[in-house]
Amino acid sequence: MNGPAPALSLNHADRLQRRLRVTGIVQGVGFRPHVWHLAQELNLAGWVRNDAAGVEVLVEGEAERIDAFTQRLRQEIPPLALVRDLSWTDAPATGDLSDFSIGESAAGQAATMIGHDTAVCPDCLAEMFDPADRRWRHAFVNCTHCGPRYTLTRGLPYDRAQTSMAAFPLCPDCEREYRDPADRRFHAEPTACPACGPKLTLVTPNGQAIACDDAVADTLRRLRSGQIIAIKGLGGFHLACDAHHPEAVWRLRERKQREEKPFAVMAANRASIADWVELDEGEAELLQSPERPICLLRKKPSADDVFPGIAPGLAWLGVMLPYTPVHWLLFHEAAGQRSRCASALTNPASSSRGQPAGTAWIEQPQDLVLVMTSANPNGEPLAIDNGEAVARLAGIADALLLHERDIVVRCDDSVVRQVGDPGLASIQFIRRARGYTPRAIRLPRSGPSVLALGGYLKNTICVTRGDEAFVSQHIGGLDNPAACGMLMEVTQHLLDILQVTPTVVARDLHPDFFSSGHAMALAERWGVPAVAVQHHHAHIAAVAAEHEVSGPILGLALDGVGLGSDGTAWGGELLRVDGPRFSRLGHLAPLPLAGGDKAAKEPWRMAAAALHRLGRGEEIARRFPAQPAAKQLHHLLQRSLNCPSSSSLGRWFDAAAGLLGVREVMAYEGQAAMLLEGLAEQAGAIAALDKGYILHDDGRLDLLPLLARLADETDPIHGAGLFHATLVQALADWTERAARQHGVHTVAMGGGCLLNAILSHGLRQRLSALGLTVLEARQVPPNDGGLSLGQAWVAMQRSRYA
Ligand SMILES: [Zn+2]
Ligand SMILES: [Zn+2]
Ligand SMILES: [Zn+2]
């Protein structure tokens with residue numbers, strides 16, 4: 001054997017061998033070819049392979065080059081990869097390795113993760129819109145840097161056989177790309193081309209194929225003429241119509257029985273939306289991010305003129321950009337028609353139908369704006385199957401644009417909003433699903449695997465593995481059998497792809513929720529404990545978990561309703577949370593829920609409750625003449641008949657909206673509070689009402705003086721502004737007093753009311769100014785969509801102490 005002895009080789013550090021371990025999102029994202037390219041460039045020998053823990057790399061060569069390789073492995077990673085840890089050990093060079101190869105995967109239990117779905121990447125767009133490319137206008141273009149992942153994968157290891165693309169054998173050209181480490185499609189599991197991939201078909205509402213030259217062109221023609229088209233996407237179907245066609249929008253509302261709920265719209269790019277929404281750089285970045293969420297953007301006054309009936313009365317409009325190739329094809333088709341109208345027929349850089357060649361059009365303003373709403377009739381989960389879609393959407397869609405690639409798991413669009421001060425901008429989730437699921441949230445520490453099944457409304461589930469929590473996509477309200485079915489389906493899918501067996505199951509304190517029942521059934525079947533977690537404790541614990549805080553904190557839970565430890569309905573709580581335990585330091589003064597469950601849907605009833613508490617019950621019937629029940633309500637309130645009380649802040653919002661005449665009966669959950677926020681936006685800066693609230697020594701915060709003032713207010717805009725300003729001051733005062741009394745200076749805010757931007761912004765500013773550290777939900781929604789994370793974290797800590 002030539003060369004120096006191994007020990008000398010190390011000392012002189014000339015040549016060595018390094019074994020590296022990379023963990024994180026490193027499989028199915030082009031990580032191995034990336035490593036291969038780096039090794040080629042630096043002239044290093046060795047290999048790279050996937051294994052249960054992530055990626056393992058062995059390199060041999062000059063020490064200096066190996067250091068450069070290690071540094072670049074940290075700094076330059078493929079767009080969809082996320083490196084969590086990089087560690088290595090060195091050994092003397094052997095001289096046995098002559099080249100660098102990509103090895104087969106080593107078997108073993110999975111500790112890695114399937115990636116999230118992302119929008120078409122710029123390289124794929126360039127191919128799609130190049131008439132000379134074999135993927136010209138291909139509706140299923142993707143590569144290792146983009147496309148579907150989570151929604152088409154059944155389990156690990158992540159390879160084509162485990163995806164719904166298994167049904168489409170690769171053609172020789174695609175096969176060559178798939179096998180070539182130098183190609184962008186090396187092991188791109190869902191790859192396809194027009195020769196071997198799925199096809200698009202346009203069908204009638206009863207499932208008959210519609211004969212047409214081009215399904216995309218015909219879809220666009222129908223949309224332009226005012227039809228409603230169901231379009232199969234990544235994690236479900238959308239119902240689409242032309243946003244510039246008011247009758248079509250109205251028809252969609254009517255057929256979907258979604259009379260007033262805001263719709264989201266899809267536009268080609270940021271240049272196309274500048275006239276009707278405010279957009280700063282941070283928001284533009286969010287909108288254009290590969291996750292492609294629906295972003296709530298502040299409406300300009302012109303928005304309601306341009307799109308009447310899309311988000312009536314609200315300050316915000318949900319906007320997203322195209323993310324699947326099919327979306328892009330529709331906008332491309334529309335851009336072609338536009339250029340044809342502009343007599344661009346002679347333009348050599350366009351196809352026979354006038355569709356622009358190249359990608360320049362992608363940046364230019366386009367007039368096509370589509371309403372895109374989840375195809376979930378009756379609030380049930382998204383339709384995903386072609387047959388199911390035809391059956392369920394027949395009465396709503398005029399035609400359906402289908403394709404042959406199966407959706408493995410339902411996944412809605414995510415909804416986000418930029419929050420925080422400029423420069424520190426971060427996002428708040430309103431709904432977390434496509435693009436973000438199943439990304440892990442790191443917990444403060446490791447523990448037993450927990451399955452948490454969430455609550456009732458806006459439900460999600462959460463599974464933990466080690467120190468990572470995986471919160472599922474939005475499942476929705478468990479008020480229908482289909483949603484309950486989806487809860488079970490998503491639970492199984494998440495357990496399958498994580499390959500864990502939970503040793504604890506967590507649930508809400510309320511035993512009657514479907515999620516609670518299912519949790520208890522699973523716990524019994526698996527022979528593991530079921531831990532019940534109080535609703536608002538879970539809200540605060542979710543925030544603590546994502547901020548990796550385990551010490552004592554104050555928790556300000558501003559919410560709709562959740563079952564309290566004392567059996568009453570809570571929802572405006574000041575808690576002290578210490579690991580798995582909590583105590584209730586204070587709560588909002590309760591209001592009677594006049595008429596029980598109906599009170600949560602009919603703000604006039606909460607207004608009546610407030611009038612009753614103000615000793616003005618005799619005004620109820622006079623103030624609400626349109627409500628037949630109004631005559632009886634004073635009587636019922638006096639006798640406390642069917643009037644359980646609740647400390648929910650959501651109901652105080654409803655009471656304010658009812659007193660100001662903003663809304664008597666809600667068309668959807670949270671509507672009154674959202675309209676009130678919209679009015680307060682118009683009011684501008686308003687000072688808090690002097691003596692507008694009472695802080696009792698027992699920890700109760702009573703806002704009754706504020707409501708007394710609102711009961712006599714004639715201007716709803718001023719009233720809404722006054723309500724918000726006084727509420728922020730009252731809550732901040734309350735929290736600060738508790739912080740002083742208990743010597744705890746970190747406050748976590750959770751609960752659905754924090755989706756109100758005036759409230760969350762106001763509290764953040766004021767509490768920070770008082771010297772408190774404010775923590776908010778940033779990786780999951782503050783509403784019940786984040787509950788499962790909090791339950792999981794509490795249950796994990798409890799089982800540690802058990
Ligand atoms: Zn791509
Ligand atoms: Zn092919
Ligand atoms: Zn809640």
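Start in helix H5, which spans residues 172-179. Arg-176 and Asp-173 sit three residues apart in this helix, so about one helical turn separates them. The model is predicted, and in it the side chains of these two residues, Arg-176 and Asp-173, meet in a salt bridge. The N to O distance is 2.4 Å.

How open to the surroundings is this pair? Arg-176 has 54% relative accessibility, so it counts as exposed. The cut-off for that word is over 50%. Asp-173 has 33% relative accessibility and therefore counts as partly exposed.

Now turn to another pair. Arg-605 and Glu-602 also join their side chains in a salt bridge. Here the N to O distance is 2.7 Å. Buried means under 20% relative accessible area.

A further pair lies at Glu-776 and Arg-778. These two residues form a salt bridge. Their closest N and O atoms are 3.2 Å apart. Glu-776 is buried, and Arg-778 is buried too.

Which residues do salt bridges with shared partners join into one network? They are Glu-380, Glu-388, Arg-392, Arg-410 and Glu-489.

Finally, step back to the whole structure. How many salt bridges does a search of it find? The count is 48. The Arg-176 and Asp-173 bridge is one of them. The bridge between Arg-605 and Glu-602 is another, as is the bridge between Glu-776 and Arg-778.

Terms used
Residues numbered from 1 in each chain as written. Chains lettered and ligands numbered in written order. Predicted model: local features only at pLDDT ≥ 70, side-chain atom pairs only at ≥ 80, totals over all residues. Heavy atoms only, no water. Salt bridge = Lys/Arg side-chain N within 4 Å of Asp/Glu carboxyl O. Helix = DSSP H or I, 4+ residues; strand = E, 2+ residues; numbered from the N terminus. Buried < 20%, exposed > 50% of the residue type's maximum accessible area, 1.4 Å probe, protein only.
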